[in-house]
Amino acid sequence: MAKLKPVTCRECGHRRVKALVTHPITGKQRRTTVKLCQECHSKIIDYPFFNSSFGQWLRRAFQRQCTNSIPRDTHELRGILYLWKFYRIACGFHSDGEEVSKTYDYQLCHIDPVKGDDGSVGRLVSSNLIIAPAKLNRELSNIPYPYTSRESVSLGDSISDDNFVSICRERYDIPLLISEFCLMPVKRGKELPVFKSNGVDVATTLSKELKRLGYPISHIIPMVVGAEERAIDIYDTFFKVGGTLACNLLIKDGMKCASSWIEYDFLTPYERNKLNKAKRETRKNEEEEWW
Ligand SMILES: [Zn+2]
């Protein structure tokens, strides 16, 4: 192999060879395309995570939590990332070029509350969170209710802007999550494009969420007048009494549906890109054979 020529590192200005990086999923190694030495590269490798919209959301969410109640490892954080993506799809954001608004006003609600009345803390994990109408979350936030997801822990150390990054680096495989979810820094100072996504209605979100939380659901409230109010009533039952009764109500009032209607797609963006690429290549080969 040819000897590598040193370049001027754009960060530290030293003449060094370009950093050797390993792809977190495939394990393939290559030299960086940018002029960065190994030392400087390791300092910026998790930049796309902390500056992505998920990273910014996580920073705010962690400040209400403590070291005991945040995800314990990469696997638990991955669960939050999936749920956060499902939450954004359910909301359905649209922009007129000047302002962004939600089609549906959902929140990621804690099932065991962040501040339990015995001083305990409800964990920030996907099994303790549910996508629910924001209105309901506001109404119920300060009322004690007996239902629990058994995801409360004792109070640990607080998390602030000062220790957020170091705690994340210590606990999670950040480069892996960047690759799996194709995380990118939020573009600043760019013009807001016009876009629209429809979001997911309350009745469908209710069924999807109960199913995700492990309830044997194959029903959905039919899309008739009053469907949203009925779904909100069942959400209310879920928070106050529990998932089992909520499921019974849903089965009684709902209609049976295909599981694909109420199941989330757990393909990561990385897997989806690979799949699409493979499809494109098959199509190309087929076309070539034809000609
Ligand atoms: Zn450098």
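Mentor: Start with a term for helix pairs: axes are lines fitted to C-alpha atoms, for helices over the stretch in contact, and angles run from 0 to 180 degrees between N-to-C directions. Helices (H or I, at least four residues) and strands (E, at least two) are DSSP runs, numbered from the N terminus. This is a predicted model, where local features need pLDDT of at least 70, side-chain atom pairs count only at pLDDT 80 or more, and totals for chains, interfaces and linings use all residues. Residues are numbered from 1 along each chain as its sequence is written.

Trainee: OK. At what angle do the axes of α4 and α7 cross?

Mentor: They cross at roughly 30°, and the axes come within 11 Å.

Trainee: Which residues make the contact?

Mentor: From α4, Thr74, Leu77, Arg78 and Leu81; from α7, Leu176, Leu177 and Phe181. Two residues are in contact if their C-beta atoms, placed from the backbone, lie within 7 Å.

Trainee: Stepping back, how many helices and strands are there in the chain?

Mentor: There are 12 helices and 13 strands. The C-alpha trace spans about 70 × 65 × 40 Å along its principal axes.

Trainee: And what share of the residues is buried?

Mentor: Of 291 residues, 27% count as buried. A residue is buried if 20 or more other C-beta atoms lie within 10 Å of its own, exposed if 12 or fewer, and partly exposed in between.

Trainee: How many residues are in the largest nonpolar core?

Mentor: That core has 47 residues, and Tyr87, Ile131 and Leu177 have the most contacts inside it. A nonpolar core is a set of buried Ala, Val, Leu, Ile, Met, Phe, Trp, Tyr and Cys residues joined through C-beta atoms within 7 Å. Helix α4 gives the largest share of this core, 9 residues. At least three residues come from each of domain 2 (46–200) and domain 3 (201–267), with bounds from an automatic or database domain assignment.

Trainee: What is Ile131 in contact with, leaving aside neighbours within four places in sequence?

Mentor: Phe86, Tyr87, Ala90, Tyr106, Leu108, Thr205 and Glu209. There is also a second, separate core of 5 residues, including Cys9 and Leu36.

Trainee: New topic. In what order do the strands of the open sheet come?

Mentor: The order is β6-β5-β11, with antiparallel pairing. Two strands pair if DSSP finds at least two bridges between them. β6 (100–102) and β11 (194–196) each have a single partner strand, so one side of each is left without a neighbour in the sheet. From one strand to the next, the twist averages 30°.

Trainee: How many bridges join β5 to β11?

Mentor: There are 3, with β5 covering residues 93–96. One of the bridge pairs is His94 with Lys196 in β11.

Trainee: Where is Cys182 placed?

Mentor: Cys182 is in the loop between α7 (174–181) and β11. Its phi is near 50°, a positive value in a residue other than glycine. Cys182 is partly exposed, because 13 other C-beta atoms lie within 10 Å.

Trainee: Last one: is Lys284 buried or exposed?

Mentor: Lys284 is exposed, with 10 other C-beta atoms within 10 Å. This residue lies in helix α12 (residues 269–290). The C-alpha atoms of Lys284 and Ser101 are separated by 40 Å.
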